[in-house]
Amino acid sequence: MATLEECRAALGRLAQNLSAANGDVRSAAALDRSLSCRITDLDVTFSGRLAGGTLQDVTSVQGPPPERAQIRLAMRGDDLVALVDGELHFAKAWGSGRVKLEAGLRDLLRLRALL
């Protein structure tokens, strides 16, 4: 099971990857939306903002998110680390229910380049 620190580090790597992205990925990351990532096995939620091509102002709280973010993810810590490290394909994880994603239809269409 991934630790809180490993999950925080994975989100940091994701932010770096987004800021270095080009093309369609950079365009998708340029959304300005609130984001939450609930790590179910640790009962913690990371919240922040997807803006300017990166993740910004990431904080964590115990339990469910205090506010409903515009883009909401939920998964186990190991799956977050595997996704960021490229060991788990998002579509496969989403299709199997290992990763849950909730967002508006427009956001989902733009996010497909990221995922």
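**Labels and cut-offs**

Ser-34 sits in strand E1, residues 33–39. Strands here are DSSP runs of E with at least two residues, and helices are H or I runs of at least four, both numbered from the N terminus. This is a predicted model, where local features need pLDDT of at least 70, side-chain atom pairs count only at pLDDT 80 or more, and totals for chains, interfaces and linings use all residues. Residues are numbered from 1 along each chain as its sequence is written, and side-chain values use heavy atoms, with hydrogens and water left out.

Q: Why is Ser-34 called buried?
A: Buried means under 20% relative accessible area, exposed over 50%, and partly exposed in between (1.4 Å probe, protein chains only). Ser-34 has 17% relative accessibility, so it counts as buried.

Q: Why is Asp-57 called exposed?
A: Asp-57 has a relative accessible area of 66%, so it goes down as exposed. This residue lies in strand E3, and its phi is near 55°, a positive value in a residue other than glycine.

Q: And what makes Asp-43 partly exposed?
A: Its relative accessible area is 33%, so Asp-43 is partly exposed. Asp-43 is in the loop between E1 and E2, with phi near 50°, again positive in a residue that isn't glycine. Most residues other than glycine have a negative phi.

Q: Which residues does Ser-34 touch, leaving aside neighbours within four places in sequence?
A: Contact means heavy atoms within 4.5 Å. With those neighbours left out, Ser-34 is in contact with Gly-48, Arg-49, Ala-69, Gln-70 and Ile-71. The Ser-34 side chain also reaches the backbone nitrogen of Gln-70 at 2.8 Å.

Q: What makes strand E3 and strand E5 the edge strands?
A: Two strands pair if DSSP finds at least two bridges between them. Five strands form an open sheet, ordered E3-E2-E1-E4-E5, with mixed pairing. E3 (54–62) and E5 (100–102) each pair on one side only.

Q: How many bridges join E2 to E3?
A: Seven bridges join strand E2 (residues 44–51) to E3, and the two run antiparallel.

Q: Which strand gives the most to the lining of the second largest pocket?
A: That's E1, with three residues. Lining residues have an atom within 4 Å of a point. The lining includes Ser-34, Leu-35 and Ser-36.

How values were computed. Polar contact = N/O pair within 3.5 Å; in protein donor to acceptor, adjacent residues only side chain to side chain. 1 Å grid on protein atoms, 1.4 Å probe; cavity = no way out; pocket = protein on both sides within 12 Å on 5 of 7 lines; lining within 4 Å.
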